[in-house]
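Hi everyone, thanks for coming. I'll walk you through one structure today, so please have a look at it while I talk.

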Amino acid sequence: MLSEKLLSNLNKQINKELYSEYLYLSMATYADSVGLAGIARWFKGQAKEEHAHAMRIYDYIYDQGARVILEAIEKPKTDFNSIRELFDLSLEHEKFVTASINELMDIAREDNDHASVSFLQWFVDEQVEEEASVNAILDKFTYMKESGIGLLMLDKELAARK
Ligand code: FEO
């Protein structure tokens with residue numbers, strides 16, 4: 001059984017994941033607006049993953065016999081100045097989500113809630129991957145100028161996302 005505190009924070013996490021979906025979709029709109037459909041595709045893929053994260057928590061709350069409460073989703077940022085900025089902000093955002101997941105894990109541990117510790121471990125591991133994948137893309141910016149052939153190559157590479 002979930003403690004009240006953990007349930008409340010899991011519900012908040014659903015909101016954060018849905019906000020993440022919306023934020024990445026907003027980033028996709030910017031990439032599409034500057035004609036980089038491959039990069040937009042990558043962000044649309046991110047958005048879908050975030051939706052899946054929210055639903056994973058949704059299902060877990062019901063598996064535990066509790067109830068999901070949905071709150072309003074904040075308006076995402078819509079004005080961006082460069083593709084590089086999208087990835088910088090993505091990394092910053094993922095670090096924020098990682099801190100939030102760690103906080104959930106701390107609560108589950110304090111509660112001696114073994115099921116929730118096990119459930120949340122997946123998210124801990126996922127956050128390592130999320131940050132690593134954005135970092136790997138940011139590394140490529142070291143070798144290229146913001147506009148030009150490097151950006152087109154990145155667009156082509158990211159278009160291949162499943
Ligand atoms: Fe659901 Fe990108 O963390």
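Let me start with a question: is glutamate 157 buried, partly exposed or exposed? Glutamate 157 is partly exposed, because its relative accessible area is 43%. For those words, buried means under 20% relative accessible area, exposed means over 50%, and partly exposed is in between, with a 1.4 Å probe and protein chains only.

Before going on, a bit of housekeeping. What you see is a predicted model, where local features need pLDDT of at least 70 and side-chain atom pairs count only at pLDDT 80 or more, while totals for chains, interfaces and linings use all residues. Residues are numbered from 1 along each chain as its sequence is written, and side-chain values use heavy atoms, with hydrogens and water left out.

Okay, back to glutamate 157. Its salt-bridge partner is lysine 140, and the closest N and O atoms are 3.5 Å apart. By salt bridge I mean a side-chain nitrogen of Lys or Arg within 4 Å of a carboxyl oxygen of Asp or Glu. This pair links distant parts of the chain, 17 residues apart: lysine 140 is in helix α4 (residues 114–141), and glutamate 157 is in helix α5 (residues 149–159). Helices here are DSSP runs of H or I with at least four residues, numbered from the N terminus. Lysine 140 is partly exposed too, with a relative accessible area of 33%.

There's also a network: Lys77, Asp79 and Glu85 are joined into one by salt bridges that share partners. Within it, the side chains of glutamate 85 and lysine 77 meet at 3.9 Å, N to O. Glutamate 85 is buried, at 18% relative accessible area, whereas lysine 77 counts as partly exposed at 31%.

Aspartate 88 is partly exposed at 33%, and so is arginine 84 at 31%. How many salt bridges does the structure hold? The count is 5.

Now for the rings. The structure holds 10 aromatic pairs. Rings of Phe, Tyr and Trp (its six-membered ring) pair if their centres lie within 6.5 Å; planes under 30 degrees apart count as stacked, over 60 as edge-to-face, and the rest as tilted. One of the pairs is tryptophan 42 with phenylalanine 43, edge-to-face, at 5.0 Å centre to centre with 85° between the planes. Both of these residues are buried. They also belong to an aromatic cluster, together with Tyr24, Phe87 and Phe141.

Then there's tryptophan 122 with phenylalanine 123: the centres are 4.9 Å apart and the planes sit at 80°, so this pair is edge-to-face. Phenylalanine 123 is buried at 1% relative accessibility, while tryptophan 122 is partly exposed at 31%. And what sits over the ring of tryptophan 122? That's the charged end of arginine 56, 3.6 Å from the ring centre. The rule there is that NZ of Lys or CZ of Arg is within 6 Å of the ring centre and within 35 degrees of the ring normal.

Isoleucine 73 counts as partly exposed, at 39% relative accessibility. That's where I'll stop, so over to you.

Key. Helices (H or I, at least four residues) and strands (E, at least two) are DSSP runs, numbered from the N terminus.
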